Amino acid sequence: MTAPGASTSTGLATHCPYCALQCAMTLTPTDAPTRVVITGREFPTNRGGLCKKGWSAAELIAAPDRLLQPMVRQTDGTFAGSSWSDALDLVAERLRETRSRHGADAVGVFGGGGLTNEKAYQLGKFTRVALGSSRIDYNGRFCMSSAAAAGNRAFGLDRGLPFRVDDLDRADTILILGSNVAQTMPPFIGHLEGARAAGGLIVVDPRRTATARLTDDGAGMHVQPTPGSDLVLLLGLTHIVITEKLTDTAYVAERTTGFDALRRSVSQWWPERVQQQTGVPVWQLRELARRLAASAAARTGTYILTGRGVEQHVDGTDTATAAINLSLVLGLPGTLHSGYGTLTGQGNGQGGREHGQKCDQLPGYRKISDPQARAHVAGVWGIDPDTLPGVGLPAVELLTTLGQPGGVRSLLVHGSNVVVSAPNADRVRTALAALDFLVVADFFFSETAALADVVLPVTQWAEENGTMTSLEGRVLRRRQAVVPPAGVRSELWVWHELARRLEAPSTFSADPSEVFDELCRASQGGPADYSGLSYALLDAELDAEFHVESQPGGAAGAYWPYPVGSTGTPRLFLDRFAHPDGRAHLVAVRAPNRPEVEQRGGALTLITGRLLEHYQSGAQTRRVPELQQAQPNARVQIHPATAHGLGIVDDDWVELSNNRGTVRAQATVTVDIRSDTIFLPFHFAGDQRANLLTDDATDPISGMPEFKKTAVHVRALVEAAAHV
């Protein structure tokens, strides 16, 4: 049996559907039409390895509860199957009605960082052209927005890693702040071996995670600050570098602006004060700063990497900026030997934020408020630029308007499960229920789909063609391996059909290769320029398996920017940064004067995060038997001393509560967490939803919610058996 578009007679080369590492795999068809066998494929990021999620990804394709036809809510609240024609007629009719009664901005769209580049692009176009609405944002706002905002203001450009992942192999010092890569993207840890061997892996995390344990036995250093104190920590490290004259003065003078203001802003953060606020001892602060500076000066490879742990705060943009400032005074970014980067999480978290899903954005990472950007994109779309709406609302603010006077009355959700993933989740659920009309496109009846008026069954990763952009800015081909079930359609086809029914201007192709070609034209000249790319080039690279002679430039990979006539840009900023003056901008930031989490009365600081076995809201991985059996319930990590004081023992069911909600979870009593802190994964549904507790206060620059510092009370439950 030959799979559609197969590259060989034995299997199809493609990439994993989960995280942004985009591990390479081969899909080999079987006699069952909906099943494939997965094998790891040699590739620079994963070197043939996959994590549990990747190895078991084929289970999703034939999952028994797969949605196989459109479902429409009946007057009694139940769902009934519908034809595609009837379902889309209904959707178009209700959208027209909403626009007629309340205006175009009463129709909202919520996208996802797992959508292919083609879908992310077409969704933004559909919203602004077919619906005429500015009300679009996506779940990447909960993931990468702070890092993106910091990168844009410091470098003039946001690409998660402005270098190749395997460049890390040659580093002898790597500082990782707020990322547990050993569990979230396990094949990545192979790139840390050089730093470990040199004793230079430094992990900053309030928990003793699997990543932090990689520093044991002389391999490096685990720094364990209080939750939410990363900004102060970074200001203190920069202070030490400057006062001990460890700055790369030539680099700072030649390649940056703003140093004097930065020096003044960190002057108040002497080590003793930083120790008081972060809990990190002075000796460790000095040792960390000196290690970074010595490695940077020797040019032996020094990298600073940040993750969601330091970014998912109401001051996340400033914290990411402080990490960038530290990297700049050390002279790391824009060199051949070192750098700064941020570890994108979702599968297409990079590409998904480049081509129009964000509320202020047009394709190519252009600003929708820029008249030249509007004119260029409108020209590609064949419309008047004056008909394009303006800047919309970031995700949390958008969700807050649902069902409200003057707010969004009808919502389309693609690639997201906001009932589980959004902060203050009970408020979001109430807002969704207040809508006049809700449409959800998904593979399964997710928790959000269960609230919809219409649920549209769409294609999964192995059933579609498209492209993804990895955490290192590399554009990759996703190729169809199996034919989707008869009742399932691609979102590209859905938007094509809806645009036709809505009599929209421009064209909305259902062919992903045509959409990609249009995306490339629309991105031309923008910061994320894909104009030199094509399916033919990406397919040739994938099939050649990195043999230079078979594809010019292919050995280096298709890293954007990739303008017409280029061979891509694996390493950014070597000659200049993306600001008009060609320099990186040091931006002085200050630690906010905000109250700390109240610890009295039994309150603890809750951190949310990921597990090895699950992904995002768990809507997919909780349907894979192997993964669900390994982690069937939410488990809260709690320190033995804290657990003892609360009368909690390992495996007890406990209740976590605050003024936003109540969550039940099983206790894991462990010394791997601070005594003032607890950790809860966010992959679970029902009364195990971590985001019932988190606050929807947001970073004023990025719109990022506060996921990593929430005050909760914890108590043991006597009715544990009811939840086993």
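Helices here are DSSP runs of H or I of at least four residues, strands are DSSP runs of E of at least two, and both are numbered from the N terminus. With that settled, R479 lies in the loop between strand β20 (475–478) and helix α18.

Before I go on, the ground rules. The model is predicted, so local features need pLDDT of at least 70 and side-chain atom pairs count only at pLDDT 80 or more, while totals for chains, interfaces and linings use all residues. Residues are numbered from 1 along each chain as its sequence is written, and side-chain values use heavy atoms, with hydrogens and water left out.

Back to R479. R479 is buried, because its relative accessible area is 5%; buried means under 20%, exposed means over 50%, and partly exposed is in between, using a 1.4 Å probe and protein chains only. The side chain of R479 makes a polar contact of 3.3 Å with the side chain of D539. A polar contact is a pair of N or O atoms within 3.5 Å; within protein, one must be able to donate a hydrogen and the other to accept it, and residues adjacent in sequence count only if both atoms are side-chain atoms.

Next, helix α14, residues 371–381. Which residues of α14 are buried? They are A373, R374, V377, A378 and W381. Seen down the axis of α14, these residues fall within an arc of 120°, so they line one face of the helix. The arc is taken over the directions from the helix axis to the C-beta atoms.

What do the buried residues of α14 pack against? Their partners are α3 (117–130), β14 (361–362), β15 (366–367) and α19 (512–523), where contact means heavy atoms within 4.5 Å. As for the ends of α14, D370 caps the N-terminal one, with a side-chain oxygen 3.0 Å from the backbone nitrogen of Q372. After α14 comes G382, whose phi is positive, near 70°.

Helix α3 also meets helix α18, residues 491–501. Their axes come within 10 Å and cross at roughly 15°. Axes are lines fitted to C-alpha atoms, for helices over the stretch in contact, and angles run from 0 to 180 degrees between N-to-C directions. The two helices are therefore roughly parallel to each other. On the scale used, angles under 35 degrees count as roughly parallel, over 145 as roughly antiparallel, 65 to 115 as roughly perpendicular and the rest as oblique. The contact is made by E118, K119, Q122, L123, F126 and A130 of α3, and by E491, L492, W495, L498 and A499 of α18.

From α7, the residues in the contact are V232, L233, G236, H239 and I240; from α10, they are P271, V274, Q277 and T278.

Helix α7 turns up again with helix α9, residues 259–266. The buried residues of α9 are F259, L262, S265 and V266. Seen down the axis of α9, they fall within an arc of 125°, so they line one face of the helix. Those buried residues pack against α7, α8 (249–255), β11 (256–257) and α13 (316–329).

Now some loop positions. C143 sits between β7 (136–138) and α4 (145–155), and C143 counts as buried at 4% relative accessibility. Leaving aside neighbours within four places in sequence, C143 is in contact with R308, E311, Q312, G345, Q346, R610 and M704.

N424 is in the loop between α16 (418–421) and α17 (425–433). Phi of N424 is near 50°, a positive value in a residue other than glycine. Is N424 buried or exposed? At 9% relative accessibility, N424 counts as buried.

S506, in the loop between α18 and α19, has a positive phi of about 70° although it is not a glycine. At 25% relative accessibility, S506 counts as partly exposed.

Last, W560 and P561 are joined by a cis peptide bond, with omega about 0°. P561 is found in the loop between α20 (535–544) and β21 (584–585).
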